[in-house]
There are 2 protein chains.
Amino acid sequence: MSTAPAFKRLPRAVREQQMLDAAVKVFSRRGFHAASMDEIAEDAGISKPMVYAYLGTKEELFVACLHREGTRMMQAIAGAAAPDLPADERLWRGLRAFFGFVGAYRDGWAVLYRQARGEQPFAGELATMRARLVEVVAGMLDHALRAEGREVAGTDLEVVAYALVGATESLADWLADHPEADPEKTATRMMNVAWLGAGQLLHGVTWRPASD
Amino acid sequence: MSTAPAFKRLPRAVREQQMLDAAVKVFSRRGFHAASMDEIAEDAGISKPMVYAYLGTKEELFVACLHREGTRMMQAIAGAAAPDLPADERLWRGLRAFFGFVGAYRDGWAVLYRQARGEQPFAGELATMRARLVEVVAGMLDHALRAEGREVAGTDLEVVAYALVGATESLADWLADHPEADPEKTATRMMNVAWLGAGQLLHGVTWRPASD
DNA sequence: GAGCATACCTACTCGTGCGTAGGGTTACGC
DNA sequence: GCGTAACCCTACGCACGAGTAGGTATGCTC
């Protein structure tokens, strides 16, 4: 008898994106465990069984979120930092893209990122992404140094890169918590710490000749 | 009639510590939500109601863990970095103490720290601690610069300090995940990045004169 | 050695939230 | 215009885990 249904019927691909949007939002607000599938479904404007039908288990749903956001970010960065530029310019553009991304998705991405670290099932996924970033940064540093005829042990390079990535993530958190802050400016600051600090260090200057 | 009881009766203070030990362990393994009070109680060798009687709610228990570990760490750092030393020496000793602490408590502290970031109720507690650290680091940098007759805007100082603290936490995570790594060496590396990078930067050298 | 506080337990209640069973309706191909 | 597949719903079952009720034993004090 059909009093026109309040809901539109939509193709699967669209609904999936809506669900992912809702999931990202709710997961980031509440955290993985505290988030309920019911709330996600409601926020997506759809009923729970649909979520299960399309995206599966709660864990699978979370992984899907992680995956989508992760890919987006990586593409944003990769797109900005073309490999044929000089290393410092690549680093700068990469940082700009990164902070721009975080600034745009604020509560979305950053908190999702914060979530994933805590829960065992997802820590691995995250670690992989971070590892890729570290590798890229280490690559840039290495490239820049070789261009100047210097050479540095791989491990040192990696640890320094790790520290830089950590500092960057930390500033991203700070940015996510300070809506008034300017992503561009944050990127500049990070660039300064990174390029100058790492540069100095890897050029052979050390604070204290390690006695061990 | 008393067939000697399998459990020893112990004074409250002792049991509380045992419970906290167990709680830290379980929380760090499983995460706040996934951890069950039953498991914590069992691991502490005691029954659940005792936990509630002594340490209260699950949330309160977690806060107690956070508090104990946090205080321990802060004391370790404060004890090492006496305020009458020159800034670089203070920073160095602080870092050594910090990484030493993380190295000693590995899965305990680091993962607990990772946990607290994700869950709203505790994020604040953590933020406060981090803020204190940032303040201290910023103070060191400021002190060092004033000694050389330079002056830097407060916000810049704070953001740089924030980045340094972030980098340090990041390396602490790395350390916690690499049991074979040497805390001392990690501290040296961090010291290099921190002191040289921040020093350069705050001395007025900039990578690119910010055009905004 | 009686009284009382403290340490300690077993065994429940009850809410919450994941995941599903089973069924209805719209569009699209033929 | 009719079958069939895709979209979508209202319920529920069921496990798990936080927190509690109510009681027992042990040691300490006077």
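A: This is a predicted model. Start with chain B: helix 1 and helix 4 are roughly perpendicular to each other, because angles of 65 to 115 degrees count as such and theirs is about 95°.

Q: How far apart are the axes of helix 1 and helix 4 of chain B, and which residues do the helices span?
A: The axes are 10 Å apart. Helix 1 of chain B covers residues 12–30, and helix 4 of chain B covers residues 58–80.

Q: Which residues meet there?
A: From helix 1 of chain B, B:Gln17, B:Leu20, B:Asp21, B:Ala23, B:Val24 and B:Phe27. Their partners in helix 4 of chain B include B:Leu61, B:Phe62, B:Cys65 and B:Arg68. By class, this contact has eight nonpolar, one polar and four charged residues.

Q: Switching to the core. Which residues have the most contacts inside the largest nonpolar core?
A: A:Phe27 and B:Phe27, in a core of 131 residues.

Q: What does A:Phe27 touch, leaving out residues up to four places away in sequence?
A: Among others, A:Phe32, A:Ile40, A:Leu61, A:Cys65, A:Leu112 and A:Gln115.

Q: Is A:Cys65 buried or exposed?
A: A:Cys65 is buried, because its relative accessible area is 0% and the cut-off is under 20%. B:Cys65 is also at 0% and counts as buried.

Q: How many disulfides are there over all chains?
A: Zero, from a search of the whole structure.

Note on methods
Residues are numbered from 1 along each chain as its sequence is written. Chains are lettered from A and ligands numbered from 1 in the order in which they are written. This is a predicted model: local features need pLDDT of at least 70, side-chain atom pairs count only at pLDDT 80 or more; totals for chains, interfaces and linings use all residues. Side-chain values use heavy atoms; hydrogens and water are left out. A nonpolar core is a set of buried Ala, Val, Leu, Ile, Met, Phe, Trp, Tyr and Cys residues joined through side-chain atoms within 4.5 Å. Buried means under 20% relative accessible area, exposed over 50%, partly exposed in between (1.4 Å probe, protein chains only). Contact means heavy atoms within 4.5 Å. A disulfide is a pair of cysteine sulfur atoms within 2.5 Å. Axes are lines fitted to C-alpha atoms, for helices over the stretch in contact, and angles run from 0 to 180 degrees between N-to-C directions. Helices (H or I, at least four residues) and strands (E, at least two) are DSSP runs, numbered from the N terminus. Angles under 35 degrees count as roughly parallel, over 145 as roughly antiparallel, 65 to 115 as roughly perpendicular and the rest as oblique. Ala, Val, Leu, Ile, Met, Phe, Trp, Tyr, Cys and Pro count as nonpolar, Asp, Glu, Lys and Arg as charged, and the others, Gly among them, as polar.
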